[in-house]
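Please find my notes on the model below. They are set out as numbered points and can be read in any order.

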Amino acid sequence: MKQIGRNDLCPCGSGKKFKKCHMGREEELILRRAETLPEDTGLRIAGLEEVRYGRTRELLDGLDIAELTGKDVEIKFVDFQAYYGLGVAGKDLPKDPGSAGIMINPKKTEKEDPNHIYIAVTKEVTDSTLIHQIAHVLDYLKGSRFIPGSGSEISMQTGIPIEHLDHPREFADWLDVLKDRFQVELDAEDTIISFLNENGRLLDADQIRTLDRAGLLIHSERIFRFMRDHKEEIDERIRDRAGYLGPQSTGAE
């Protein structure tokens, strides 16, 4: 997002000056950026058949989302390939995705089905991938309130890995809650996130909301430095976990 002057018209289209509209709430402009999608996008997503891959049913039965978040919303799992087949994912279907999942942007379905948040998963989905995506939902409902990928513009402008912005402390807190509740062995990526959270190294939502690019970049570099300093300990934790790519993987998150 380019620098906006105090007296410029607000990019949200309200007709008000920026200082009287979204100044101080700039993150909402990122979250509300309209995607160019077919008008029937929500109906097409809502029309996808619900799936029961892996432990999806067990995990949902073991969660009271309303109690946890105060929001009367349920999760609906749909097929990963079927979702990408609609042509509204904003990206191409990955080749050989294996265990994969994605929390579908709730803005796509909020009008047609405000009572559900959709998660697309593959048939091979693992427990770690499942709770990772559920953690995104809980974080969106009661946490950072960020939609995964909403920090992509900051990432492109600063070089901060999108992982640092998509996985703030609030997300990691939910990930740890789900890990303990359902006795899930995290994969290598999520083990690193949990380790960083354990040591207080993740960004939190308030830091990201400042949109202080210089400050965020400094904190991101501190994350990398901490990981380099604890490379052997991290490698020991993840070497037997799914998705382990060798010692070099600990410097890429």
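Predicted model: local features only at pLDDT ≥ 70, side-chain atom pairs only at ≥ 80, totals over all residues.

1. Three strands form an open sheet in the order E1-E3-E2, and their pairing is mixed. Strand E1 (74-79) and strand E2 (101-103) are the edge strands, each of them pairing on one side only. On average, neighbouring strands in this sheet are turned by 25° against each other, with direction ignored.

2. Pairing of E1 with E3. Strand E3 covers residues 116-121 and pairs with E1 in the parallel sense, over 6 bridges. For Asp79, the bridge partner in E3 is Val121.

3. Packing of H10 and H13. Helix H10 (residues 188-198) packs with helix H13 (residues 231-238) at an angle of about 135°, and their axes are 9 Å apart. The cut-off for roughly antiparallel is over 145 degrees, and H10 and H13 are therefore oblique to each other. The crossing of H10 and H13 is right-handed.

4. Leu43. Leu43 belongs to helix H2, which spans residues 41-46. Is Leu43 buried or exposed? Its relative accessible area is 58%, and because exposed means over 50%, Leu43 counts as exposed. The C-alpha atom of Leu43 is separated by 6.1 Å from that of Glu112, although Leu43 and Glu112 are 69 residues apart along the chain.

5. Salt bridges in general. How many salt bridges does the structure hold? The number is 14. Side chains of opposite charge can pair when their charged atoms come close. Three of these pairs are taken up in the next points.

6. Arg169 and Glu170. These two residues form a salt bridge in which the closest N and O atoms are 3.1 Å apart. Arg169 has 33% relative accessibility and counts as partly exposed. Glu170 is at 12%, and because buried means under 20%, Glu170 counts as buried.

7. Asp206 and Arg209. The side chains of Asp206 and Arg209 meet in a salt bridge, at 3.7 Å from N to O. Both residues lie in helix H11 (residues 205-209), where they are 3 residues apart, or about one turn of the helix. Asp206 is exposed, at 56% relative accessibility, while Arg209 is partly exposed, at 23%.

8. Arg239 is partly exposed, its relative accessible area being 39%, and Glu236 counts as exposed at 53% relative accessibility. Elsewhere, salt bridges with shared partners join Arg55, Glu58 and Asp127 into one network.

Note on methods
Residues numbered from 1 in each chain as written. Heavy atoms only, no water. Salt bridge = Lys/Arg side-chain N within 4 Å of Asp/Glu carboxyl O. Buried < 20%, exposed > 50% of the residue type's maximum accessible area, 1.4 Å probe, protein only. Helix = DSSP H or I, 4+ residues; strand = E, 2+ residues; numbered from the N terminus. Pairing = 2+ DSSP bridges. Axes fitted to C-alpha atoms, helices over the stretch in contact; angles between N-to-C directions. Parallel < 35°, antiparallel > 145°, perpendicular 65-115°, else oblique. Left-handed = near helix turned anticlockwise from the far one by under 90°.
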